[in-house]
Amino acid sequence: MRPSKSTVLSAYLLIAAVSTALNLGAQFLVVQYLDIPYVIELSILIGTGVGMPPRYFLEKKYVFFFKSNDIKHDSKLFFLYSFYAVFTTLIFWSVEYVFHIYFSANFMRYVGALAGLSIGFFLKYQIDKKYVFN
């Protein structure tokens, strides 16, 4: 028996929150501890790398209830998941970076990140449901 839509939505939102916390936490740490050129850009990239793998495995299991046939199949699925994530990640990065440039304040950059991640998560769910975990 499959869970209700509200249960799946709750799981998705919880996973999105965990992924967001991992992403923004990693960004915060990079910005706090590195004093190098392009630290903002690097923090965004590292945050994405930290947040995506756990999100894939959690969504696969608790949102889409998908079981891979084997490690090869799972690798192909993760590649497909990541491929589509490029597009939604570009939305997230763009919104975050626009907030960073426009407001010139770290707090507002994180607000932009939350807005961009929210848009990206919504679109990513639609894509994953139709093209990845079908």
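**Close-up 1. Helix α1 passes helix α4 in a right-handed crossing.** In this predicted model, the two helices span residues 5-33 for α1 and residues 106-132 for α4, and their axes come within 11 Å of each other while crossing at roughly 145°. On the side of α1, the contact is made by V8, Y12, A16, S19, T20, N23, L24, Q27, F28 and V31, and these meet N106, R109, Y110, A113, L114, L117, F121, K124 and Y125 of α4. Sorted by class, the residues in this contact of α1 with α4 comprise 12 nonpolar, five polar and two charged ones.

**Close-up 2. Helix α2 also passes helix α4 in a right-handed crossing.** Here the axes of α2 and α4 lie 13 Å apart, and the helices pack at an angle of about 35°. From α2, the residues I40, S43, I44, R55 and E59 take part in the contact, and from α4 the partners are N106, R109, F121, K124 and D128. By class, the contact of α2 with α4 holds three nonpolar, two polar and five charged residues.

**Close-up 3. The largest nonpolar core of the model has 23 residues.** Within this core, the residues with the most contacts are V63, F64, L77, Y81, Y125, V132 and F133. The elements that each give two or more residues to the core are α1, α2 (39-62), α3 (71-103) and α4. In soluble globular proteins, nonpolar side chains tend to be buried together.

**Close-up 4. Y125 touches V8, Y12, V63 and F64 when residues up to four places away in sequence are not counted.** Y125 belongs to the residues of α4 that make the contact with α1, and V8 and Y12 are among the α1 residues in that contact. Y125, V63 and F64 are also listed among the residues with the most contacts inside the largest nonpolar core.

**Close-up 5. E59 is a residue of helix α2.** Its relative accessibility is 1%, and E59 therefore counts as buried. The side chain of E59 is joined to that of R55 by a polar contact of 2.7 Å. Apart from its neighbours within four places in sequence, E59 is in contact with Y12, I15, F64, F65, Y81 and D128. Both E59 and R55 are among the α2 residues that make the contact with α4, and D128 is one of the α4 residues in that contact.

Note on methods:
Residues numbered from 1 in each chain as written. Predicted model: local features only at pLDDT ≥ 70, side-chain atom pairs only at ≥ 80, totals over all residues. Heavy atoms only, no water. Axes fitted to C-alpha atoms, helices over the stretch in contact; angles between N-to-C directions. Helix = DSSP H or I, 4+ residues; strand = E, 2+ residues; numbered from the N terminus. Left-handed = near helix turned anticlockwise from the far one by under 90°. Contact = heavy atoms within 4.5 Å. Nonpolar A, V, L, I, M, F, W, Y, C, P; charged D, E, K, R; others polar. Core = buried A, V, L, I, M, F, W, Y, C linked by side-chain atoms within 4.5 Å. Buried < 20%, exposed > 50% of the residue type's maximum accessible area, 1.4 Å probe, protein only. Polar contact = N/O pair within 3.5 Å; in protein donor to acceptor, adjacent residues only side chain to side chain.
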